[in-house]
Amino acid sequence: MKTLEKETVKTAEEKKIVTQEKHKPFKKEDKTAGFWRTLFPYMKPFRKNIIVAVFLSLITGVCVSLQPLVIKYVVDSGISGAPFVLFGKTVPIGDPIIFIAILAGAYVLFSLGRIYTWRYGYKNILKLQEGTLFNLRSTFFGHVQRMCMHFRDKNSSGELYNYIMGAPMANIKSFLASIFQSVPYQAISLVISLVLLISYNLYLTLIVVGAAFVMAFFNRRSRKKIREVSRSYLDAEKQTSHYVSDALQGGEATKMYAIEDASIAAFDQRLNTLRMTGIRAPFTNIVEAAKPEIVQYVCTALVYFVGGLFCLRGEIQVGELYLFISTMGTIFSVIIAWLNLFFAQSTAAVALERIDAIIAEHSTTPEVAADSRRSVEIEKASAIRHGKPCIAFHNVDFAYGDKLVFENLSCELKYGESLALVGGSGSGKSTFTKLVMRLYEVNGGEVLLHDRNVKDYATHDLRLSFGVVPQNPYIFHGTVWDNIRIVRPDASNLEIIKAMEVARVHEFVNDLPRGWSTLIGDGALGLSGGQKQRIAIARAILKNPDIFIFDEATSALDNVSERLIQEAMEELMQSHTVIFVAHRLSTIRNVNRILVFDHGEIVEEGNYDTLAAGNGVFRQLLDAAEGKLARFENPPKF
């Protein structure tokens, strides 16, 4: 039998098949079919485990349903001396003590069979559970990682994390264990138990069957309530996860603005909603489960009364009544388990609906078909050979929802040129770079890279062409070395060290407790803004892109850090095409060309000296920056 680890590897290889399965939304008129249709592709690689688990579960059910027969024969034949009838034939029992010992041995065998078949069935169920969740989580995570920025804008990381590791997956996992291991043995034991009951007393059996129908009626009415409270709980959990993720990431801002009390109060408010919903959901389950339980108790009382009368009249033997009561308990336990299973399916269905809704979302930057993709390297060589620009915007229109950013924007960037984008906040500078990398899709016009529309390239290949250093680079939990190598895991040690040297990382890394092996933690705790920027630059250099983008990379740095990073950037300008999104205008003195943005339009263009000598928007920005500097250099006297 294969190990779980081997099957997990197999599922990783087959996950492409899973993601290619057609997603069909749940239909209101057939939620159960929709649930299984959605879940089956993730379970498909584990069909053998399902078959083995179901088979072993059936054997368990046979053992469970036959165990009460021992009670009957011990009481009636072993103690009372009634004839021992086996398959319609009377069998002499001989010594009653030996007969009872044989029955006790049979009971032990039934018990051992029940234990071992359940044990090995459970092992297969574990493989099914964990393998299915592996496929579901892998598909979900892979889909989220490939989604566009519009998707990221509307779904928080906390919410998405909860889908992968929180209650939704736990609900599905719990349901899988119940449906494939418990239901088969319960079904076979139910059938055998009903046959036994009918064979001994039809009237008592009718009481049990009637009670079962009443319990099923209550269950049908309860399922809707369970689904509603489950949905409410997941909504509350989603909102709380969203807030927690945002609050933890904004911990520094919370301290700076001294809003800890407000943050705690807002969290407590959401937590209280989650608490109340967390009480309501399981309590509703208990209340609804109590209804069929009451029916069970009333039915049991009736069987005690009617069965007792039959024993007094001599219509049935005492052992038969014991058998009936024991078997009835098995039947009721199966019915109650199935009613609870329906509740579990309701919660699992709600969870799967949410997960599938995310997976079914389409990116606003869809991939071009594999047979239509252009090669970045081939198109680059062709564009250079024919004298085409490196990057070009042709009549580009773009908006964030209803907020218009660009309208009919056109410009070009040559190979080996350094270009600076300047302008006020919200003028479109950063949006320009995001459209170049196709993080967002233009509403009109086209963006070209190497004289080809960026839509003609695979997004992965397209973005490999760019090395980006953002204003606030994200530093992953790990060592300095790992944070640089993450963009190229196959890079040699020499390449990583060289990238560190160009980025001036060595200026501070040797002062860290363990050098480049220092664990810097989530969000780069313990590193200054300049140190994080230099790690980000080393990361971009190691990627070895054609084009570098520095998005306000020195806007919040001290003079020493700015000088070091400026040296690194100017070194890269000698051999690469570079785009600067500039906040500090002093950092772009040596660029070849500057584009000045104002409300999404390019209002000026030229080099630093030309624009500084003019009387346009750039001069106004320069004067404003110098005015701020003067105020700090000549503080008022009191």
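How many aromatic pairs does the count come to? The count comes to 16 aromatic pairs, where rings of Phe, Tyr and Trp (its six-membered ring) pair if their centres lie within 6.5 Å.

## Basis

This is a predicted model, in which local features need pLDDT of at least 70, side-chain atom pairs count only at pLDDT 80 or more, and totals for chains, interfaces and linings use all residues. Residues are numbered from 1 along each chain as its sequence is written, and side-chain values use heavy atoms, with hydrogens and water left out.

## Aromatic pairs

Planes under 30 degrees apart count as stacked, over 60 as edge-to-face and the rest as tilted. Phe398 and Tyr400 make an edge-to-face pair, 4.8 Å centre to centre with 85 degrees between the planes. Phe398 is buried at 1% relative accessible area, while Tyr400 is partly exposed at 27%. Buried means under 20% relative accessible area, exposed over 50%, and partly exposed in between (1.4 Å probe, protein chains only).

Phe550 and Phe580 are stacked, at 5.5 Å centre to centre and 15 degrees between the planes. Phe550 lies in strand E9 (residues 547-551) and Phe580 in strand E10 (residues 577-581), so the pair ties together parts that are 30 residues apart in sequence. Strands (E, at least two residues) are DSSP runs, numbered from the N terminus. Both Phe550 and Phe580 are buried. Elsewhere, ring pairs link Phe35, Trp36, Phe175 and Phe180 into a cluster.

## A buried serine

Ser427 is buried, with a relative accessible area of 2%. Its contacts (heavy atoms within 4.5 Å) are Phe406, Phe597, Asp598, His599 and Gly600, not counting residues up to four places away in sequence.

Note on methods. Helices (H or I, at least four residues) and strands (E, at least two) are DSSP runs, numbered from the N terminus.
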